[in-house]
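Thanks for opening this one up with me. Please have a look at the sequence and the fold below, and then read on.

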Amino acid sequence: MEEVLIEAICNILGVHSSEINEDTNFVEDLGADSLDLYQIVMEVEEGLGIEVDAESIAKVSTYGEALEMLQEYE
């Protein structure tokens with residue numbers, strides 16, 4: 001799960017995995033916009049075979065929060 005999320009972030013945002021830690025903010029630290037976040041979610045959903053609730057996504061701003069949210073789908 002963690003690998004899928006990191007790979008999606010790196011693919012969509014063009015960043016290196018070393019730039020990502022639990023406190024990394026998608027917008028402030030990585031320069032993501034709403035379209036980027038949507039694309040990350042789509043890639044993660046496809047990679048994990050899940051469907052993420054839009055309300056849950058809206059509450060996520062950091063990598064750690066995203067990972068925590070995804071763990072609810074395990």
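This is a predicted model: local features need pLDDT of at least 70, side-chain atom pairs count only at pLDDT 80 or more; totals for chains, interfaces and linings use all residues.

1. Residue numbers start from 1 along the chain, as the sequence is written.

2. Start with the overall fold. The protein has four helices and zero strands, and from the N terminus on its elements run α-α-α-α. Its radius of gyration is 11 Å, close to the 11 Å that the globule rule gives for 74 residues, so the protein is as compact as a globular protein of that length. Along the principal axes, the C-alpha trace spans about 25 × 20 × 20 Å.

3. How is the chain packed? Buried residues make up 36% of the 74 residues. Among contacts with a separation of 6 or more, 56% come from residues 24 or more positions apart.

4. Next, look at the inside. The largest nonpolar core has 20 residues, and Leu5, Ile9, Leu13, Val15, Phe26, Ile40 and Tyr63 are the ones that touch the most other members. Two or more core residues come from each of α1 (2-13), α2 (34-48) and α4 (63-71). As general background, nonpolar side chains tend to be buried together in soluble globular proteins.

5. Ile40 sits in helix α2. Is Ile40 buried or exposed? Its relative accessible area is 5%, and because buried means under 20%, Ile40 counts as buried. Leaving aside neighbours within four places in sequence, Ile40 is in contact with Leu5, Ala8, Ile9, Ile12 and Leu13. For a sense of scale, Ile40 and Gln71 are 31 residues apart in sequence and 16 Å apart in space, C-alpha to C-alpha.

6. The C-alpha atoms of Glu68 and Glu22 are 9.9 Å apart, although 46 residues separate the two along the chain.

7. Please also visit the loop between α1 and α2, where Asn21 is found. Asn21 is partly exposed, with a relative accessible area of 43%. Its C-alpha atom is separated by 6.7 Å from that of Tyr63, 42 residues apart along the chain.

8. Finally, the largest pocket. It holds about 200 Å³ of space. The elements that give two or more residues to its lining are α2, α3 (54-58) and α4, and α2 gives the most, with four residues. The lining has 13 residues, of which Leu37, Val41, Ile57, Val60 and Ala66 lie nearest the pocket centre. What classes of residue make up this lining? The count is 13 nonpolar, no polar and no charged residues.

Key
Side-chain values use heavy atoms; hydrogens and water are left out. A nonpolar core is a set of buried Ala, Val, Leu, Ile, Met, Phe, Trp, Tyr and Cys residues joined through side-chain atoms within 4.5 Å. Buried means under 20% relative accessible area, exposed over 50%, partly exposed in between (1.4 Å probe, protein chains only). On a 1 Å grid over the protein atoms alone, a cavity is a set of points where a 1.4 Å probe fits but cannot get out, and a pocket is an open set with protein on both sides within 12 Å along at least five of seven lines; lining residues have an atom within 4 Å of a point. Grid points are joined across faces, edges and corners, and a volume is the space filled by probe spheres set on the points. Ala, Val, Leu, Ile, Met, Phe, Trp, Tyr, Cys and Pro count as nonpolar, Asp, Glu, Lys and Arg as charged, and the others, Gly among them, as polar. The radius of gyration is taken over C-alpha atoms; the globule rule is 2.2 Å times the number of residues to the power 0.38. Contact means heavy atoms within 4.5 Å.
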